[in-house]
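Please look over the notes below with the model open. They cover a pocket and a helix pair.

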Amino acid sequence: MNTEFLNPRDIKSKTLSELREELGALGLPKYRAEQVYRWLHRGVTDFSQMSDLSKSLREELSQKYDIVWAEVERKLVSKDGTVKYLFRLPDGQHVESVLMHYHHGSSICISTQVGCKMNCSFCATGQSGFSRNLSASEILSQIQAASLDAGERISHIVLMGMGEPLDNYENVLRFLELVTSAEGLNIGMRHISLSTCGLVDKIYDLADKKLQLTLSVSLHAPNDEIRSKTMPVNKRWNIEELLRACKYYSDKTGRRISFEYAMISGVNDMDWCAKELAGKLKGILAHVNLIPVNDVTGTGYKKSGLDRQKRFVALLEARGVTATVRRTLGSDIEASCGQLRRKVEGGTGHES
Ligand code: SAH
């Protein structure tokens, strides 16, 4: 693993093999590293909680390292049971995460950056600019803190909160190694989805790693004219280049790509848009996830009506492209796609 972006004191961002090496260099036996690693991933927030280590070792570790944690600063519960957390990070910055309950288990949508650089016109996160990348341990801590608070095991993860995961590539890869490790939370790669606005160079790189991760691509438009207006990233890599990378990803990994498409009334939801989209996706192992665009102050966008949504699905399916309309969870607490910001401003959900 690349250690260039690693804060040497941040022990929870270290992989088990890195920890073995470091603790070995301190003259500790091999099994110690695994013991410490297991404690960190069980969610201890202080070395004093590592009860099977000697007091002197606990002290030595706390001199050398810090344990990163995400403090629940505020919590909103939706009528549908979805929970939105506002977490405070060690330096006082904030991110949001959303815990959702499905029949197959609990899924958490987590953030990878404080803010975002991508500036998609329909999304709240970019409106307040970009502050910094999250470390692997900060990404992981959102799951640990939510799981502890909710008193339940979280089985699925979506990297679809604040930020662009592939713009924080090294830390995200490190996080994936941590969260899937058998001595850690041991969450299967197939239970993890990563959503990107389309950083093509990183999609190729990720494909070559052949992880069994689900790649979601925020497409949101059938052509470059519409996409460049709503998503500035399209000026860097256009739809043709993006779809070429997607095809490469699914060829390499055998995994179906999930394309996200926020339906905005009068912007990208016309019949011809569905037809053009189906044409573009021909030959790619794909599924289209339609999301009636969620309200974000200042965008002026309106969501497509129910009839439009059904018609769009039918037009895609008739052309051999499978599509579903994503169920919206947590909209009463502004926890839906594109509504996450650094601070909870208002929201009518019940606070606890
Ligand atoms: N940066 C990543 C992940 C974060 S956004 C990405 O772009 O994919 C998660 C998803 O919500 C993306 O598909 C994003 O385009 C979508 N989204 C953003 N704002 C939205 C809105 N107002 N309504 C519906 N979906 C939105």
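1. The residues of the lining of the second largest pocket divide into 6 nonpolar, 5 polar and 5 charged. Here Ala, Val, Leu, Ile, Met, Phe, Trp, Tyr, Cys and Pro count as nonpolar, Asp, Glu, Lys and Arg as charged, and the others, Gly among them, as polar.

2. This is a predicted model: local features need pLDDT of at least 70, side-chain atom pairs count only at pLDDT 80 or more, and totals for chains, interfaces and linings use all residues. Residues are numbered from 1 along each chain as its sequence is written, and side-chain values use heavy atoms, without hydrogens and water.

3. The lining of the second largest pocket has 16 residues; His-41, Arg-42, Gln-144, Ser-147 and Leu-185 lie nearest the centre. Helix 2 (30-42) and helix 4 (136-150) each supply at least two lining residues. Helix 4 gives the largest share, 4 residues.

4. The volume of the second largest pocket is about 260 Å³. A pocket is an open set of points on a 1 Å grid over the protein atoms alone, where a 1.4 Å probe fits, with protein on both sides within 12 Å along at least five of seven lines; lining residues have an atom within 4 Å of a point. The volume is the space filled by probe spheres set on the points, which are joined across faces, edges and corners.

5. Helix 9 (residues 271-281) packs on helix 10 (residues 306-318) at about 30°, with axes 9 Å apart. Axes are lines fitted to C-alpha atoms over the stretch in contact, and angles run from 0 to 180 degrees between N-to-C directions. Helix 9 and helix 10 are therefore roughly parallel (under 35 degrees).

How values were computed
Angles under 35 degrees count as roughly parallel, over 145 as roughly antiparallel, 65 to 115 as roughly perpendicular and the rest as oblique.
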